[in-house]
Amino acid sequence: MERQLEVALAFLGEPIAEDKLAGILYLQDYLDGELSWEVLVAEYEGIYANELIFDWNVCDWFCVRVLGPMVKSNGVKCAEAIASWREAEYLWQARSSVVPFVTVASESEYYSLIRKACVVLISREERFSKTAVGWVLHAISTHDESFVVSFVEENLESFSKESLGSALRYFDKGTKGEYSHRLKRRETPTGLSA
């Protein structure tokens, strides 16, 4: 299993996205549950330290196909380790502290970890930091609208138009319009009408 992990990670070290995706599929299809999550998280941290994931497509494939199922199988301790990446300087590791939780959006025991990670990511300026928050919030909204409303209320000034639209994707038109208008008012320079 250790040798197979090396091979899968070697694919992630290749420069072409298709090779990276092959490595991700190998991790998903053949190594899921075969090694301890502690070993895997340590290995995966090396992927980010070496900046082997450097675009949203590969990042999200890795999160949804490998990290999310790993959280689902191993529970809160594993989730805590992944959510701690929220403080990472490297954008794609920070994004990976949130996106895997799309897989467990219906499970409220993860909501405090999701909230902590989302607070950090929504305050960053990078587009793909903010869109990660929008994505996980719209996944949660189908199970717990109040969680999403509470988070948006507390952090509205940090949302981009894109991330807010994503977070509220499944809300009614009136609610979307209200928050969009409030965000637009905050973005308008003082003295100008919105």
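This is a predicted model: local features need pLDDT of at least 70, side-chain atom pairs count only at pLDDT 80 or more; totals for chains, interfaces and linings use all residues.

Colleague: Which side chain does Glu-107 meet in a salt bridge?
Modeller: Lys-72 is the partner, with N to O at 2.7 Å. Lys-72 sits in helix α4, while Glu-107 is in the loop between α6 (91–95) and α7 (111–122), so the pair links distant parts of the chain, 35 residues apart.

Colleague: And how does Lys-72 count in terms of accessibility?
Modeller: Lys-72 counts as partly exposed, at 45% relative accessibility.

Colleague: How many salt bridges does a search of the whole structure find?
Modeller: Nine. One of them joins the side chains of Glu-80 and Lys-77, at 3.8 Å from N to O.

Colleague: How are Glu-80 and Lys-77 placed in their helix?
Modeller: Both belong to helix α5 (residues 76–83), and because they are three residues apart there, about one helical turn separates them. Lys-77 is exposed, with a relative accessible area of 56%, whereas Glu-80 counts as partly exposed at 34% relative accessibility.

Colleague: What does Arg-124 form a salt bridge with?
Modeller: With Glu-126, and the closest N and O atoms are 2.9 Å apart. Arg-124 is buried at a relative accessible area of 15%, and Glu-126 counts as partly exposed at 29%. There is also a network in which salt bridges that share partners join Glu-153, Glu-178 and Arg-182.

Colleague: Nice. Switching to rings: how many aromatic pairs does the structure hold?
Modeller: Eight aromatic pairs. Take Tyr-44 and Phe-62: their ring centres are 5.0 Å apart and their planes stand at 85°, so this pair is edge-to-face.

Colleague: Where do Tyr-44 and Phe-62 lie?
Modeller: Tyr-44 is in helix α3 (residues 37–49) and Phe-62 is in helix α4, so the pair ties together parts that are 18 residues apart in sequence. Both Tyr-44 and Phe-62 are buried.

Colleague: What about the rings of Phe-101 and Tyr-110?
Modeller: That pair is tilted, because the planes are at 50°, and the ring centres are 6.1 Å apart. Phe-101 is buried with a relative accessible area of 0%, and Tyr-110 counts as buried too, at 3%.

Colleague: Which residues do ring pairs link into a cluster?
Modeller: Tyr-44, Tyr-48, Phe-62 and Trp-85.

Colleague: Where does the charged end of Arg-65 sit?
Modeller: Over the ring of Trp-61, 4.1 Å from the ring centre. Arg-115 has its charged end over the ring of Phe-147, 4.8 Å from the centre of that ring.

Colleague: Which elements give two or more residues to the lining of the largest pocket?
Modeller: Those are α4 (56–74), α8 (127–141) and α10 (161–167). Helix α8 gives the most, with five residues.

Colleague: Which residues line the largest pocket?
Modeller: Trp-56, Asp-60, Arg-95, Arg-127, Phe-128, Thr-131, Trp-135, His-138, Glu-162, Ser-166 and Arg-169. By class, that lining has three nonpolar, three polar and five charged residues.

Colleague: Now the backbone: what is phi of Glu-51 near?
Modeller: Phi of Glu-51 is near 55°, a positive value in a residue other than glycine. Most residues other than glycine have a negative phi. Glu-51 lies in the loop between α3 and α4, and Glu-51 is partly exposed, with a relative accessible area of 47%.

Colleague: Last one: how far apart are Asp-29 and Val-66, in sequence and in space?
Modeller: They are 37 residues apart in sequence and 9.2 Å apart in space, C-alpha to C-alpha. Asp-29 is found in helix α2 (residues 17–31), and Asp-29 counts as exposed at 52% relative accessibility, because the cut-off for exposed is over 50%.

Colleague: Great, thanks for the walk-through!

Terms used:
Residues are numbered from 1 along each chain as its sequence is written. Side-chain values use heavy atoms; hydrogens and water are left out. On a 1 Å grid over the protein atoms alone, a cavity is a set of points where a 1.4 Å probe fits but cannot get out, and a pocket is an open set with protein on both sides within 12 Å along at least five of seven lines; lining residues have an atom within 4 Å of a point. Helices (H or I, at least four residues) and strands (E, at least two) are DSSP runs, numbered from the N terminus. Ala, Val, Leu, Ile, Met, Phe, Trp, Tyr, Cys and Pro count as nonpolar, Asp, Glu, Lys and Arg as charged, and the others, Gly among them, as polar. Rings of Phe, Tyr and Trp (its six-membered ring) pair if their centres lie within 6.5 Å; planes under 30 degrees apart count as stacked, over 60 as edge-to-face and the rest as tilted. Buried means under 20% relative accessible area, exposed over 50%, partly exposed in between (1.4 Å probe, protein chains only). A charge sits over a ring if NZ of Lys or CZ of Arg is within 6 Å of the ring centre and within 35 degrees of the ring normal. A salt bridge is a side-chain nitrogen of Lys or Arg within 4 Å of a carboxyl oxygen of Asp or Glu.
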